[in-house]
Amino acid sequence: MNNFNRRDFIKLMGISTAAVATPSLIKTASGNVSPRVVVVGSGFAGSTVAKYLRLWSNNIIDVTVVDPKPAHVSCVMSNLVVNGQLNMNDITFEHALLSQKYGVNFIQDYVTDVSGIGEKKVSLQNGSPLYCDYVVLAPGIQLDQIPGVDHDKVPHAWIAGEQTTNLRDKIQQIPVGGTFVMTIPKAPYRCPPGPYERACVVADIMKNKGGGTVVVLDMNPKIIVEEHMFSTAFNETYNGIVDYRSNVTIQEVDSDELTVLSSEGLFNADVINVIPPHRAGKIITDLGFNTISGRWADVNPISYELYSEPGVFVIGDSSGTSQPKSGHMANSQAKVGADAIIRMIAGTDINAPERIANITTNSACYSPITSTTATWLTAGFYYNLLEHKMKPVQASLGQAELHNADNYKDMFSWAENLFENTFM
Ligand SMILES: Cc1cc2nc3c(=O)[nH]c(=O)nc-3n(C[C@H](O)[C@H](O)[C@H](O)COP(=O)(O)OP(=O)(O)OC[C@H]3O[C@@H](n4cnc5c(N)ncnc54)[C@H](O)[C@@H]3O)c2cc1C
């Protein structure tokens, strides 16, 4: 690893951007009416921003989170549900925790519209509209449609929940010597190492069962992260099991016959796992907010405010920045966004040099390679004033040299830390 201690990195969680925030600022806000923020989505980004808006404003900001799901099921660690090492309970977080501890209001509903200049109106599918001063959109991702794909029969398991158990149950039924075919979307997508990690997790299951094939159809020209680690895992640890192909175009999937027609030919499978290309959450594209390449929300990286919609912020996987799409990064971006909103409410300058100089974010992904070993990848980012974008801190870029049992153990400490910092 490049001169960077991973334990220090884990400790950094939650303080990198906290160093930027100044809770006392909010006391200067005028008037007796509490400023109101509505957060759309209660995943890694939405839960973190809600929690820190309350904490850093000394509970002055009125924060309401809207999500159709009563609890968040984490994609992080979900591949360990797929291989049976964890249960769904281990990756499920009740919204009540943030309500009880921090006074965040939670409404179980789906946001259908956001409108208004100045005061915002947030329309809900079932309930009455909400009115607020700022809206934070944290709706995660939506998946492109691939011809012939029925995700009940061909799960993606890239948004955790029923999809995760669906994939797990289907994999359990694969016969010895059977075939699993998976597809990897063009980058940028959610969790850069995630699909390669999934290939390893499934190959491990097949190996322990007594053999089989994992066909990996990657739409990218090569393995996009931890190339040495994953190619060694495919060619050595899972030699004769993983059949990796790059630069693949997926033409059509037959969800009943379980075939994939691709630029590499026709593949028959016992189980297919299609992870389609993705883009910002549906609400963002439905509302026609400005996007980069029609996919990701075009935000200012010092606040995550949309350039085109003052008072509307987009954080997490939906945002289009130069940073990876990860839960750890969503947590980090949420803190920068919370800090910016608090300063705006307090009427202080979010462009102040001392603030700009302190904007940092970070990301980490741990990947199980076998049922007892794991690898990891880290990156920290700082705000580059000249280029007006987040750039990697070179000294923070690191990755494991080996997949081993120590990393596997650290993966649980890191995940517990992230879960606690986000949902509790
Ligand atoms: C297999 C796998 C492994 C991963 N491993 C890691 C890892 O090791 N490390 C890491 O950091 N990241 C990892 N990730 C990535 C991580 O899960 C995502 O980056 C993270 O979930 C993004 O957070 P988010 O808040 O943007 O979106 P989400 O967590 O998906 O939350 C979005 C929420 O918005 C809600 N929503 C959507 N639309 C609306 C609407 N209109 N109204 C109301 N609510 C709405 C949804 O119901 C959902 O609850 C992994 C992902 C996968 C798939």
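1. Lys325 and Trp296. In this predicted model, the charged end of Lys325 sits over the ring of Trp296. The distance to the ring centre is 3.8 Å.

2. Trp296 and its strand partner. Trp296 belongs to strand E20, where it stands opposite Ile292. E20 covers residues 296–298. Its pairing with E19 is antiparallel and runs over two bridges.

3. The sheet around E20. Three strands make up this open sheet, in the order E19-E20-E22. The pairing across the sheet is mixed. Strand E19 (291–292) and strand E22 (319–320) are the edges, each pairing on one side only.

4. Tyr366 and Trp414. The structure holds 10 aromatic pairs. One of them joins Tyr366 and Trp414.

5. What the pair connects. Tyr366 lies in strand E23 (residues 360–368). Trp414 lies in helix H11 (residues 405–423). The pair therefore ties together parts that are 48 residues apart in sequence.

6. Burial of the pair. Are Tyr366 and Trp414 buried or exposed? Tyr366 has 8% relative accessibility, so it counts as buried. Trp414 is buried too, with a relative accessible area of 4%. The cut-off for buried is under 20%.

7. A phenylalanine cluster. Which residues form one aromatic cluster? They are Phe44, Phe93, Phe419 and Phe423.

Methods: Residues numbered from 1 in each chain as written. Predicted model: local features only at pLDDT ≥ 70, side-chain atom pairs only at ≥ 80, totals over all residues. Heavy atoms only, no water. Pairing = 2+ DSSP bridges. Helix = DSSP H or I, 4+ residues; strand = E, 2+ residues; numbered from the N terminus. Phe/Tyr/Trp six-rings, centres within 6.5 Å; stacked < 30°, edge-to-face > 60°. Buried < 20%, exposed > 50% of the residue type's maximum accessible area, 1.4 Å probe, protein only. Lys NZ or Arg CZ within 6 Å of the ring centre and 35° of its normal.
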